[in-house]
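Could you walk me through this model in the viewer, stop by stop? I would like to know what to select next and what is there.

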Amino acid sequence: MTATDIAASNTIAAALLGADYPNLRIRPEVQEGDSVAPGQILFRNAKHPEIAFAAPIYGRVTSIRLAARRMLSAVTLAPGDAGAAAPDNRIGPDQSIRDYLLARGMWPAFVSRPFGGPPHPDAKAAAIVVSAVPSSRVAPDPRDVLRGRGDTFDRGLDAISELTDGSVHLCLADKSGIDAPALPRLQVHRRSGHQWSSPAAQVVRIAPASPGRATWTIGYQDVIAIGHLLETGRYDPVRRVALWSDPTRPAPTLNVPLGADLGQLLGQPGPERETWSGAAPSGRVSAFLGRHHLDASLVARIRSAPTKPQPIIPLASLWRALPIRLPAIPLMRSLAVGDAETSARLGCLHLLEDDIAPLTAICTSGTDYARRLRDVLERLRSDLS
């Protein structure tokens with residue numbers, strides 16, 4: 001982390017959001033008012049305390065908010081002067097990569113499919129998919145982000161290969177110009193097309209996941225952060241993110257801390273505009289940057305949902321909205337009524353909230369399909385446990 005990045009993480013508020021970690025119960029290791037430093041552990045997964053979650057900035061804990069059934073809503077941090085020193089611990093001679101990433105707060109960088117959320121601490125992935133494809137037309141170009149950090153990225157790729165007996169799949173845009181390292185179990189995939197930017201599409205094409213065969217995904221900037229942690233012993237919370245607020249100008253890219261306050265970066269929302277984390281409409285309305293998002297925008301406020309349920313009108317755009325080919329209209333109907341068995345048969349296990357969010361924006365029924373999908377996924381997970 002450069003001096004400029006440290007300064008940035010000392011001026012921008014940040015939060016860790018329950019929306020990034022479905023149904024997560026936490027065990028706090030800090031209290032409101034405590035001073036924290038980047039990499040300091042804020043809380044742990046109450047069910048699996050090996051999984052630690054780290055602070056992204058120097059500052060002070062302003063709130064620890066829990067939702068129903070004591071699930072995480074948000075832990076918010078206000079920026080401030082450095083208090084406690086940031087942890088600086090290199091991997092021990094007898095410490096595994098798994099234990100090191102768990103202890104240092106990097107495990108939440110992985111998303112396990114199906115069902116989402118960080119993997120079980122003892123699980124081994126059938127495959128790991130690394131996306132180094134721009135997540136949207138305005139997202140940072142991975143080639144620019146990787147410039148000068150190729151060795152660090154390669155070290156991160158080598159490290160995560162120890163977490164699977166299968167392959168690590170590096171997904172690149174066709175003609176990206178990124179050179180891949182020669183690692184024993186690394187497979188490189190170069191494709192074109194806007195759907196290739198979605199982790200869901202990448203997983204379905206190259207390493208399909210199922211309840212008995214989990215595939216983990218991770219973004220290329222998190223792989224860089226893992227390599228940086230191994231090289232220096234220091235947690236790197238800074239990500240290059242595109243911030244889009246003026247449709248007449250190119251989206252600038254900035255180095256910001258994980259979970260950065262979007263109001264500070266884009267301007268405060270109002271009656272006509274709202275801050276959106278992720279590529280609209282695939283992300284979500286949020287005051288803070290999502291854990292796995294590399295772009296954000298200030299957009300016109302989306303119409304409010306009808307007060308009464310409306311019928312689903314089978315628009316042609318709905319069939320094209322999903323990142324993979326699935327029967328969108330039948331799936332929407334089954335999710336709307338909470339039919340888990342039919343939803344699974346129609347392919348819902350290939351999807352997570354961001355994948356299905358465009359249906360909510362397009363559909364005239366007012367149904368929140370991301371929320372309905374999460375309910376169905378949790379029911380299916382419970383049935384299989």
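Axes here are lines fitted to C-alpha atoms, for helices over the stretch in contact, and angles run from 0 to 180 degrees between N-to-C directions. Helices (H or I, at least four residues) and strands (E, at least two) are DSSP runs numbered from the N terminus. The model is predicted, so local features need pLDDT of at least 70 and side-chain atom pairs pLDDT 80 or more, while totals for chains, interfaces and linings use all residues. Residues are numbered from 1 along each chain as its sequence is written, and side-chain values use heavy atoms, without hydrogens or water.

Start by selecting 150–160 and 220–232, helices H4 and H6: their axes come within 7 Å and cross at roughly 90 degrees. That makes H4 roughly perpendicular to H6 (the class for 65 to 115 degrees).

Now move to Ser 176, in the loop between strands E10 (168–173) and E11 (186–191). Ser 176 is buried, at 10% relative accessible area (buried means under 20%, with a 1.4 Å probe and protein chains only). A polar atom of its side chain lies 3.3 Å from the backbone nitrogen of Ile 178. Beyond residues up to four places away in sequence, Ser 176 touches Arg 143 and Arg 190.

Finish with the cysteines. The whole structure has zero disulfides (sulfur pairs within 2.5 Å). Cys 363 is buried at 1%, and Cys 171 is buried at 0%.

Note on methods
Buried means under 20% relative accessible area, exposed over 50%, partly exposed in between (1.4 Å probe, protein chains only). A polar contact is a pair of N or O atoms within 3.5 Å; within protein, one must be able to donate a hydrogen and the other to accept it, and residues adjacent in sequence count only if both atoms are side-chain atoms. Contact means heavy atoms within 4.5 Å. Angles under 35 degrees count as roughly parallel, over 145 as roughly antiparallel, 65 to 115 as roughly perpendicular and the rest as oblique.
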